[in-house]
Amino acid sequence: MWSSPWVTALGRFTALLAVFLFFAVLVEGGKFYTPRNLENILRQSAVYATAALGMTMIIIAGGIDLSVGSMIALSVVTVAWILDYHYTIAGSNGQEETVYLIHQWPVLLPWIALVAGVLVSVLAGFVNGVTVVGLRLVPFIVTLGTMGIFRGLAKGLAQEKDIYPREDTWLTRLMDPTLTSHDPHWRVWILPPGVWILIISAIVAALILRYTKLGRYIFAIGSNEETARLCGVPVGRVKIATYTLGGLFTGLAGLMQFSFIGGIGQPTSAIAYELFVIAAVVIGGGSLMGGQGSILGSVIGALIITILYMGGQQMGWPKWVQETVIGVIIIAAVVIDRLRQQSAT
Amino acid sequence: MGDLPPRLKMVNIAKRFGTTQALNGVNLEVAAGEVHALVGENGAGKSTLMKVLAGVHRPDRGQMWLDGEPFMPHHPLEARRRGIAMIYQELSLAPHLSVMENILLGVEPARWGIIRWRQLREKACAALSELGLADLPLATPVQNLPPGHQQMVEIARAVVSQAKIVVLDEPTSSLAQQDVERLFTLIRRLRDRGLAVIYISHFLEEVHRISDRFTVLRDGETVGSGVTSDTPIPKIVSLMVGREVSELYPRRHRIRGPCILEVEGLTGIRKPVAASLRLHRGEILGIAGLVGAGRTELLRTIFGLDPVRAGDIRVGVFRGTATPGQRWRQGVGFLSEDRKREGLALSLSIAENITLPRVDHLGALGLVFPGREERMITRWIERFSIRCEHVRQPTWTLSGGNQQKVALARLFFADVDVLLLDEPTRGIDVGSKAQIYRLIVEAAEGGGGTSPKAVLMVSSYLPELLGLCDTIAVMSRGRLVACRPTEQWTEHTLMLAATGQDQENLINTP
């Protein structure tokens with residue numbers, strides 16, 4: 001009849017393992033499963049996976065968010081802009097002197113940057129939600145628009161240049177390799193702090209979906225909005241909450257991206273990430289019709305995408321082959337999923 | 001029939017899905033030029049059998065002959081080419097295309113890929129007038145037609161495509177009485193043209209009127225067949241359920257309690273118009289009327305799903321309009337007439353569907369405890385005898401009758417005082433129907449430590465209203481035109497009132 005969630009999850013693990021073994025065998029000299037490479041796979045996939053947490057909720061609720069790439073960039077630029085914030089004063093000798101805020105508040109400012117970087121995405125997600133609900137527009141259209149708007153704001157804030165903060169802070173090191181690090185103090189982290197953020201966020205997201213009223217409502221709206229309305233679910237408010245929560249996870253992904261690209265505020269970073277993130281959710285069993293999806297699945301999906309991407313690179317495949325293969329895999333994953341469901345009926 | 005082979009002969013058809021033996025040796029013989037009714041409870045195997053005929057499923061064993069030639073379609077297209085036309089409950093028209101385009105969809109007259117519109121119009125026109133449907137507007141998009149007419153377009157398409165067998169699956173479930181008459185005329189015309197019509201319906205009165213012969217399925221087997229006019233309906237019912245249904249409508253004397261729902265001059269956007277009614281605990285109030293009279297809108301307006309333009313609603317101590325969420329908390333529950341579109345979230349589990357309006361019963365502070373939920377719901381599944389493997393099973397895996405029980409269980413789980421039921425037994429089998437009747441009556445009687453509930457029930461099936469309700473009100477063109485104790489109604493007078501003939505009892509009319 002129907003297969004239990006555990007069988008489904010096992011199937012996805014098998015797929016992940018298969019993709020991994022494929023490259024582990026084919027990439028010469030065992031280079032694919034060196035600690036360094038495994039760590040790189042994790043670091044690379046953490047950004048996608050964290051953003052995919054929010055996308056999973058949005059897709060389960062029957063929506064879509066095309067603006068996540070731009071939101072990540074907006075967070076990245078916001079963090080860098082705050083870390084680099086400076087002003088000029090008249091110096092003692094009559095010359096103008098540039099004062100960096102980071103020098104005045106070396107402890108506090110990174111925290112402010114962190115909070116602001118996350119909040120800007122939360123706000124962006126809220127704007128998406130309110131627009132979808134308030135103007136009764138299709139989420140695809142709304143977020144297609146805000147994709148441009150948020151990217152534009154990121155570029156405007158950065159004045160169309162990359163921002164190089166004056167000082168490196170711990171924010172820059174969030175995604176630094178740990179296992180292969182030469183610094184013994186850093187090695188005690190075992191995994192980069194950013195990956196820990198992902199793990200905790202994923203657990204929180206899964207708990208929200210399974211053990212809260214909000215999670216139940218998200219599934220109900222995506223499965224059948226009319227039924228949800230009939231059953232007294234505050235559909236509009238739940239949708240806004242979902243997009244806002246999505247913004248929270250995207251903001252965290254933005255922090256990781258900031259660190260991952262070396263602690264600079266690059267307004268053109270994370271371009272087309274929405275496609276990887278959506279693909280991760282879909283490979284993980286999310287249905288664009290809504291009502292279906294899982295956090296664990298999406299994280300596995302993000303890992304699969306990253307392994308394909310990096311494996312292809314290390315195999316020395318030309319870029320066009322890599323892109324084609326990833327495209328084929330996305331479609332194949334969805335087709336296999338559907339065949340599996342059909343055979344279950 | 002004489003020496004001619006039957007149009008369709010299916011012998012010893014078997015089909016199994018996993019552990020379920022859906023069909024287990026079914027025989028069906030349909031002659032050309034007859035209307036053959038296929039009846040049975042939900043889950044008896046009617047749809048599976050028709051899917052075998054249509055090439056959707058391949059049987060595990062058994063044989064089929066079409067006009068004496070072996071017939072075993074590998075896919076739906078092949079079955080269609082051989083002349084099998086299926087007309088399902090959900091219509092399969094292209095809603096934006098016009099009537100004539102739909103009729104000739106796939107067989108458009110064209111030269112080098114360019115459609116020859118004049119020929120198309122003439123062909124469609126000829127087909128329609130041959131079927132006595134000349135009044136259908138050729139150029140109108142079918143989405144602008146009422147459902148009854150859409151169905152006729154679909155039948156016309158079947159005829160144009162040279163169908164030999166037309167299968168109609170519950171064709172009248174969403175039709176008003178006049179449209180049913182028209183459909184029957186059309187079916188007789190098809191029969192007279194020598195087509196074989198397989199007619200699937202739960203409305204045995206209709207089956208009796210329209211069909212020449214019938215076949216009864218039960219648990220995947222043929223349990224009987226015969227000439228319809230020789231077989232009384234109770235005989236067919238007992239074949240279907242395998243036992244005599246002695247008391248389908250459990251009527252006992254109920255005591256009318258205090259008034260719990262009072263509606264005064266309620267007016268919606270278009271319907272209802274100035275509707276007033278009083279509903280008491282321990283009372284089942286039925287609302288009869290034609291499809292489109294505004295009965296559904298009345299319930300939806302009371303429940304807060306449709307806006308109120310004027311009038312007053314009082315539920316117990318609460319007064320005024322409210323959202324559906326507030327209504328649930330006030331103790332009002334609503335059962336939608338459309339399970340698939342609105343009633344159920346089909347990809348969600350049985351448990352999630354039942355608890356959705358009162359998720360707050362599953363834990364404090366917005367938390368949900370699935371373990372507690374499963375324990376709570378298991379009880380309801382037993383009480384409603386919902387046939388399933390697990391409470392976490394998605395509802396799309398259930399049969400129609402069991403789905404309806406899930407939708408109804410929601411109201412019982414929420415422990416509402418006022419049950420607004422819109423066509424509670426539409427399209428479900430006799431066994432489930434009897435059970436739902438029993439549950440409704442039990443709710444109205446109270447007992448088992450619960451106080452008597454009030455039931456407001458819309459139905460197009462008059463025997464059900466007459467059998468179940470204490471009071472019946474009739475709605476016509478958005479107005480409640482008459483409200484009387486059930487003893488004072490007959491099917492005949494109800495129909496008169498519904499069609500606006502019952503002038504002497506008008507209330508609330510200027």
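Hi everyone, let me start with one residue pair: B:A288 has B:V474 as its bridge partner in β21(B). A word on what we are looking at: this is a predicted model, where local features need pLDDT of at least 70, side-chain atom pairs count only at pLDDT 80 or more, and totals for chains, interfaces and linings use all residues. Residues are numbered from 1 along each chain as its sequence is written, chains are lettered from A and ligands numbered from 1 in the order in which they are written, and side-chain values use heavy atoms, with hydrogens and water left out.

Back to our pair. Strand β15 (residues 284-289) and strand β21 (residues 471-476) of chain B run parallel and are joined by five bridges. Strands pair here if DSSP finds at least two bridges between them; strands themselves are DSSP runs (E, at least two residues), helices are runs of H or I with at least four, and both are numbered from the N terminus.

Now, which sheet holds these strands? In chain B, six strands make an open, mixed sheet in the order β18-β19-β20-β15-β21-β22. β18 (332-335) and β22 (479-485) of chain B are the edges, each with a single partner strand, so one side of each has no neighbour in the sheet. On average, neighbouring strands of this sheet are turned by 15 degrees against each other, direction ignored.

Two helices lie across these strands. Helix α9 (residues 295-303) of chain B lies across β15, β18, β19, β20, β21 and β22, at about 145 degrees to β19(B). Helix α17 (residues 491-498) of chain B lies across β15, β21 and β22, at about 30 degrees to β21(B). Axes are lines fitted to C-alpha atoms, for helices over the stretch in contact, and angles run from 0 to 180 degrees between N-to-C directions; contact means heavy atoms within 4.5 Å.

Zooming out, chain B has 17 helices and 22 strands. Its C-alpha trace spans about 70 × 55 × 50 Å along the principal axes. Of the contacts in chain B with a separation of 6 or more, 66% are between residues 24 or more positions apart. Buried residues (under 20% relative accessible area, 1.4 Å probe, protein chains only; exposed is over 50%, partly exposed in between) make up 55% of the 510 residues in chain B.

Last, how many disulfides are there over all chains? The count is zero, taking a disulfide as a pair of cysteine sulfur atoms within 2.5 Å. For B:C469, the nearest cysteine sulfur, that of B:C483, is 10 Å away. B:C469 counts as buried because its relative accessibility is 0%.
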